[in-house]
Amino acid sequence: MHLLFPAFSALLLFLSFPYNISGYLSFAALVPFFYSISRVFSYRKAFIGGLIFGLIYSAMMSYPLLHALNYHYNRSFIYSLLLITVTSIIPLAFLYGIFSAACIYFRVPSKILCILIPPSLWIISDYVREIIPFYLPWGFAGYTQVFTPLMQISDITGIYGVTFFILLINILITEIIIDRRNFIYHSILLGIVLLVISYSHFRIKQIESELSKSPETDIITIAAIQGNFTTRDRWDDGLSRLRYSTYLSLSENNLSGTDIIIWPETVLNSADRVNLEIIKTVSSRLSPGQLFVTGATRSDNKGGYNNSVFVASNAGIIDIYDKIILFPYSEKSYTWLSAGKFMNAPEKFEPGTRQRIVKTGNGNIGITICFESIYPYFSRRIKRGNADYILNISNDSWFGSTSEPYIHLYSNIARAVELRIPVIRSTNNGISAIINQTGIISASTSLDMKEILKGSISKNRFNSIYAQYGDLILILSAAILLAGIFQKNKKAI
């Protein structure tokens, strides 16, 4: 039981992501795992149970990386599996093993602390993945809720708070199964459900009412070009002319009535001179007030390369943003561990040095490139920098038709709700999307299709407790753990 149940929970949590089944499944997905922990009294057995959970969950979440290495980098299956196991699966599995063992340590007399400590431990371990460079804050349980009312509380708690409540609900259900006669747990569970539904309904109605009153001057129209070239095509010099002509043609047909034309990440990846010529060509066809935004590679003064975004008007380039958070083991390496060279793509990039808010006639633009969107603090700094909206430029074609494009989209939905800021996502192969301040997708494209994402956003500004004060839920969780330590030591005395 103490091995089978954690494995079953890992599968259920993975299936809780909306592209699989439904976010509502996550409310009970971890019950088998917590039930098994409640029946274990050994640190070793608890650690092994958590390790099993982590190995299976991490393996399922890491499959897109395996696909990228095996298919695009032409690495053997054995090499790809070994690299992913060492860099992703095992480190995450150890975190869950430590979490499970810590649940045994924190068994204290207080029933309230007993139900609050596991969620606190869990989200602090999630936070570790955000601040340690070789981890990725990927696949948080909170992202299963992007289409449920629970996501709306993230403008108070952030994504960690959403995960906290998922864990709390699972703990309460577990306690109800163990002790059906204790109606305190039933009451707390019912109270949480009613509170979340009430807040969600109130907040969505409030924001939608304000959005409906947005003046025309606050509305920005967008056309994001999704060329849908494969990863191999994108880095094949022989196909660069076809790629550029396709994007130019699709852009010219959508200039009329559009405030911003957007191309995805690294779509311009030739020599600097060629990239600048294409940017100049598109810019010259813009009307006053229109913007052209494109992802591109560019060389720096020391012979390195940056993964960049260029913002231009009909007068020329306004600003350039260089990606700051680089993807581990591909855009940057640790010691000898690296995905290696892929066609004519740079084997590694140099990190940008400054996060920018690009001020334009079409509002203040905050930019994230690809996986920068999965770091909550990074987007929060954009909102705090007075951005009117966030533009996420991505290329998920590396990962094929796996879970990655969907979960990447979910992180952008979460950022929109947390910060109450519109998010535009422009990708090479999908899923491109326009997301409003309530997390509603007002327009989107399909995966692996050549499409034009067209729609609009409102610059209408909304306050967010999370944007203002950050991850208070982590401070609360640390306080809960300190209270648990104090009670445990007091008992020992």
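Visitor: What is the order of the strands in the open sheet of 6 strands?
Guide: This is a predicted model. In the open sheet, the order reads β5-β4-β3-β2-β1-β12. The pairing is mixed.

Visitor: Which strands stand at the edges?
Guide: β5 (316-322) and β12 (451-458) do. Each has a single partner strand, so one side of each has no neighbour in the sheet.

Visitor: And how many degrees does the twist average?
Guide: From one strand to the next, the average is 25 degrees.

Visitor: Which helix packs on the sheet and touches β12?
Guide: Helix α10, residues 240-252. Helix α10 also touches β1 (219-226) and β2 (260-262). Its direction makes about 150 degrees with that of β1.

Visitor: What lies across β3, β4 and β5?
Guide: That's helix α11, residues 272-284. Helix α11 runs at about 175 degrees to β3 (291-299).

Visitor: Back to β5. How many bridges join β4 to β5?
Guide: There are 6, and the two strands run antiparallel. Take Val309: its bridge partner in β5 is Tyr321.

Visitor: New topic. Is strand β7 buried or exposed?
Guide: Buried. All 7 of the 7 residues in β7 (363-369) are buried, so the strand is largely enclosed by the rest of the structure.

Visitor: Which strands does β7 pair with?
Guide: One of them is β6 (residues 357-360), joined to β7 by 4 bridges and running antiparallel. Lys359, for example, has Asn364 of β7 as its bridge partner. β6 and β7 form a hairpin, with 2 residues between them.
Guide: Another is β8 (residues 389-394), which pairs with β7 in the parallel sense over 5 bridges. There, Ile369 has Ile393 of β8 as its bridge partner.

Visitor: What unit do β7, α12 and β8 make?
Guide: A right-handed β-α-β unit, with helix α12 covering residues 376-384.

Visitor: Now the core. Which residues touch the most other members of the largest nonpolar core?
Guide: Phe53, Tyr57 and Trp122 do, in a core of 119 residues. Helix α7 (residues 154-178) gives the largest share of this core, 12 residues.

Visitor: What does Tyr57 touch?
Guide: Leaving aside residues up to four places away in sequence, Tyr57 touches Ala10, Leu13, Phe14, Phe17, Tyr96 and Gly139.

Visitor: How many residues are in the second, separate core?
Guide: It has 20 residues, including Ala223, Tyr244, Leu286 and Ala296.

Key:
Residues numbered from 1 in each chain as written. Predicted model: local features only at pLDDT ≥ 70, side-chain atom pairs only at ≥ 80, totals over all residues. Heavy atoms only, no water. Buried < 20%, exposed > 50% of the residue type's maximum accessible area, 1.4 Å probe, protein only. Pairing = 2+ DSSP bridges. Right-handed = clockwise from strand over helix to strand, strands pointing away. Core = buried A, V, L, I, M, F, W, Y, C linked by side-chain atoms within 4.5 Å. Contact = heavy atoms within 4.5 Å. Axes fitted to C-alpha atoms, helices over the stretch in contact; angles between N-to-C directions.
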